[in-house]
Amino acid sequence: RANKASRPQTLLGAILLFLAAFWITSLVCVQTRQNRSLLQTKVRVDTLLKRAPSGVLLIDENNIIVRANTQLCSLLSLDADPQNLIGIHHEEFISMLNLEQTTWFPLASNALIHSHFNEVSDSNGLSLKIDWVPIQYNQSSLGGTWFVQDISENKQKEQELLTLATTDALT
């Protein structure tokens, strides 16, 4: 008699075990797809950063560097591989710069501040345009990105035009 009563329980247990295994398998499949999607996104971002004509420095909401590119290191004359910047705090990055560069990458007091840019020049005549672009989602800060562009040639041409305008008899 105990045998007859345990058959439905055994059957129910087997069905529940099968459903649990099915559920776990489907969760693993979903996670695998999400991991693949995240990896593909990372590869896309890394490819964009390598090909970007500007230097790029991306920080998260805790001011930790999550991405940087070779152009950034080159423009700032940093003797560092961009991969070695990943994971360091903004303050540590600033300490790697030379003295005149330390003010070029200020953190916004309000993380949800709008984009802005600044033009800076160093003592070697290098002129850079540095754009700050905050990254937000649902009114929360996710960090931001600095885009660094060499505008030395443009500045030189502007100066030449200004010189011509003030010295040329035809102007």
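Which pattern does the protein follow when read along the sequence? The order is α-β-β-α-α-α-β-β-β-α, which comprises 5 helices and 5 strands; helices (H or I, at least four residues) and strands (E, at least two) are DSSP runs numbered from the N terminus. This is a predicted model, in which local features need pLDDT of at least 70 and side-chain atom pairs count only at pLDDT 80 or more, while totals for chains, interfaces and linings use all residues. Residues are numbered from 1 along each chain as its sequence is written, and side-chain values use heavy atoms, with hydrogens and water left out.

The overall dimensions come next. The C-alpha trace spans about 115 × 35 × 30 Å along its principal axes. The radius of gyration of the protein is 28 Å, whereas a compact globule of 171 residues would have one near 16 Å; the radius is taken over C-alpha atoms, and the globule rule is 2.2 Å times the number of residues to the power 0.38.

Of the 171 residues, 26% are buried, that is, under 20% relative accessible area with a 1.4 Å probe, protein chains only. In soluble globular proteins, nonpolar side chains tend to be buried together. The largest nonpolar core here has 23 residues, among which L72, L76, F93, F105 and L128 touch the most other members; such a core is a set of buried Ala, Val, Leu, Ile, Met, Phe, Trp, Tyr and Cys residues joined through side-chain atoms within 4.5 Å. At least two residues of this core come from each of β1 (55–59), β2 (65–68), α2 (70–75), α4 (90–96), β4 (127–137) and β5 (140–150).

Key: Buried < 20%, exposed > 50% of the residue type's maximum accessible area, 1.4 Å probe, protein only.
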